[in-house]
Amino acid sequence: MEFNATLVGEMIAFAILIWFCVHFIWPHISKAIEERQLKIAEGLNAAERAHAELKDADSKVAAEIKQARQQAAEIIDRAQQQANQILDKARADAVAEINRLKAAAQDDIASMAQRAREELRERVGALAVQGASKIVQREIDASAHKAMLDQLAAEI
Amino acid sequence: MASEPQGGLTEYIQHHLHHFKPVQISEGGFWSVHIDSLTVSLFLGVAFCLWFWSKARKATSGVPSKGQAFVEIILEFVDGQVKDVFHGDRRILGPLALTVFVWVFLMNAMDLLPVDLLPWITHQFGIGHFRAVPTADLNLTFAMSITVLLLVIFYSFKAKGFGGYTHELFTAPFGAHPLLWIPNFLLNLVELLSKPVSLSMRLFGNMYAGELVFMLIAGLFSAGSWILYGMGVIGYAVWGIFHILIISIQAFIFMVLTIVYISMAHDHH
């Protein structure tokens with residue numbers, strides 16, 4: 001074993017290797033590693049955030065569904081009330097219409113009865129005149145006795 | 001030293017423990033170079049750089065490719081080790097630890113290649129001696145640990161200032177009395193110098209011993225008996241599997257101690 005110039009050569013070589021590693025190898029790789037660590041950390045953060053957001057959204061959706069259900073119930077209630085109101089109004093309208101029609105019919109009946117009575121009175125008047133002329137056997141001047149006969153018919 | 005292993009385990013091993021040094025002013029002189037250690041370590045270092053660089057260039061913060069994920073796993077593992085020990089800016093210490101870990105691991109892993117493979121290949125090109133494991137060469141382990149020592153000293157000055165660190169060298173751990181300056185300084189010097197020595201000797205010892213055991217087992221192949229040959233095959237596999245653990249642990253220890261030493265440089269006494 002002996003020492004010789006190999007020692008110096010190897011020292012220079014070693015120094016060059018260290019220099020090369022310091023400048024061209026270490027910074028690039030460690031930068032890539034650090035960037036990836038950052039990315040992974042960000043990814044994990046994002047995942048956690050997304051998880052929290054999902055939970056948030058879930059609770060929001062549940063609340064919304066609850067509200068919607070409530071609203072639907074209210075709408076149904078209101079609709080039923082409205083339907084009842086409409087029904088009631090229709091019933092009242094119908095009753096009124098019936099009453100009106102009934103009244104009109106009664107009026108008709110009353111006026112028809114009146115007309116029939118008057119007609120009857122006239123016919124009775126004529127018959128009475130006929131009868132009386134037959135009984136009296138002489139002609140009665142219809143025009144002369146008209147006033148009397150009319151009075152008779154009204155009395156009948 | 002024989003240029004060819006011509007029988008005899010001792011010669012075989014001695015041959016394998018010889019570095020390839022074509023340029024040499026004098027035998028044992030300083031100005032010669034272990035071409036094998038340099039070539040293999042540089043090749044592996046460049047391979048490491050290109051491999052990680054190719055992944056770093058296309059690194060995305062999106063879904064990573066398998067290759068990028070693998071590189072990231074190594075980087076995060078190293079970064080985690082640094083983070084545990086050092087609570088400061090990791091932009092220098094992190095890459096330093098990564099370089100140490102991967103480079104040492106790759107160089108250690110050369111031990112797992114068949115012990116004769118690279119020497120056999122180089123022999124085809126006329127190179128007689130070739131040692132494949134750079135970390136089993138004290139020059140390399142000391143080169144790394146001395147660089148770490150220089151960084152420790154640099155960061156000590158940087159963290160505490162010139163005056164602060166000098167003050168600490170002379171006044172800790174015994175006290176600020178002028179008579180204690182010299183003992184303090186000597187103790188700190190020993191502490192400082194023990195760091196690179198322990199770092200490099202540990203790695204070198206483990207890898208050298210591992211290589212030696214591989215050679216001894218490989219020696220069984222040419223022992224001339226089918227039983228020994230079988231034992232060699234099994235032994236080689238068992239030691240190889242165990243060695244995977246050793247090379248990983250040694251790379252890990254070298255990295256952790258590097259981190260610890262440099263983070264200690266930032267601590268105030």
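**View 1. Chain A and its overall form.** Of the 156 residues of chain A, 10% count as buried, meaning that 20 or more other C-beta atoms, placed from the backbone, lie within 10 Å of the residue's own. This is a predicted model, in which local features need pLDDT of at least 70 and side-chain atom pairs count only at pLDDT 80 or more, while totals for chains, interfaces and linings use all residues. Residues are numbered from 1 along each chain as its sequence is written, and chains are lettered from A and ligands numbered from 1 in the order in which they are written. Chain A has 2 helices and 0 strands; helices (H or I, at least four residues) and strands (E, at least two) are DSSP runs, numbered from the N terminus. The radius of gyration of chain A is 61 Å, well over the 15 Å that the globule rule gives for 156 residues, so chain A is more spread out than a compact globule. That radius is taken over C-alpha atoms, and the rule is 2.2 Å times the number of residues to the power 0.38. The C-alpha trace of chain A spans about 195 × 25 × 20 Å along its principal axes.

**View 2. The annotated stretch of chain A.** An unreviewed UniProt entry carries the annotation "coiled-coil region" for residues 62-122 of chain A; such annotations may be inferred rather than shown by experiment. Over residues 62-122 the chain is 100% helix and 0% strand, with 89 Å between the end C-alpha atoms.

**View 3. A:Gln151 in helix H2 of chain A.** Helix H2 (residues 146-155) of chain A contains A:Gln151. A:Gln151 has 11 other C-beta atoms within 10 Å and is exposed, the term for 12 or fewer. A:Gly125 is 26 residues from A:Gln151 in sequence, and their C-alpha atoms are 8.9 Å apart.

**View 4. The side of chain B that touches chain A.** Here 41 residues of chain B are in contact with 29 residues of chain A, contact being C-beta atoms, placed from the backbone, within 7 Å. Helices H2 (35-57), H3 (66-85), H4 (90-109) and H6 (138-171) of chain B each supply at least two residues of this side. H2(B) gives the most, with 11 residues.

**View 5. Helix H1 of chain A against H3(B).** Helix H1 (residues 6-136) of chain A and H3(B) pack at about 90°, their axes 10 Å apart. H1(A) and H3(B) are therefore roughly perpendicular, a term for angles of 65 to 115 degrees. A:Ile29, A:Ser30 and A:Ile33 of H1(A) meet B:Val71, B:Glu72, B:Leu75, B:Glu76 and B:Asp79 of H3(B).

Methods:
Two residues are in contact if their C-beta atoms, placed from the backbone, lie within 7 Å. Axes are lines fitted to C-alpha atoms, for helices over the stretch in contact, and angles run from 0 to 180 degrees between N-to-C directions. Angles under 35 degrees count as roughly parallel, over 145 as roughly antiparallel, 65 to 115 as roughly perpendicular and the rest as oblique.
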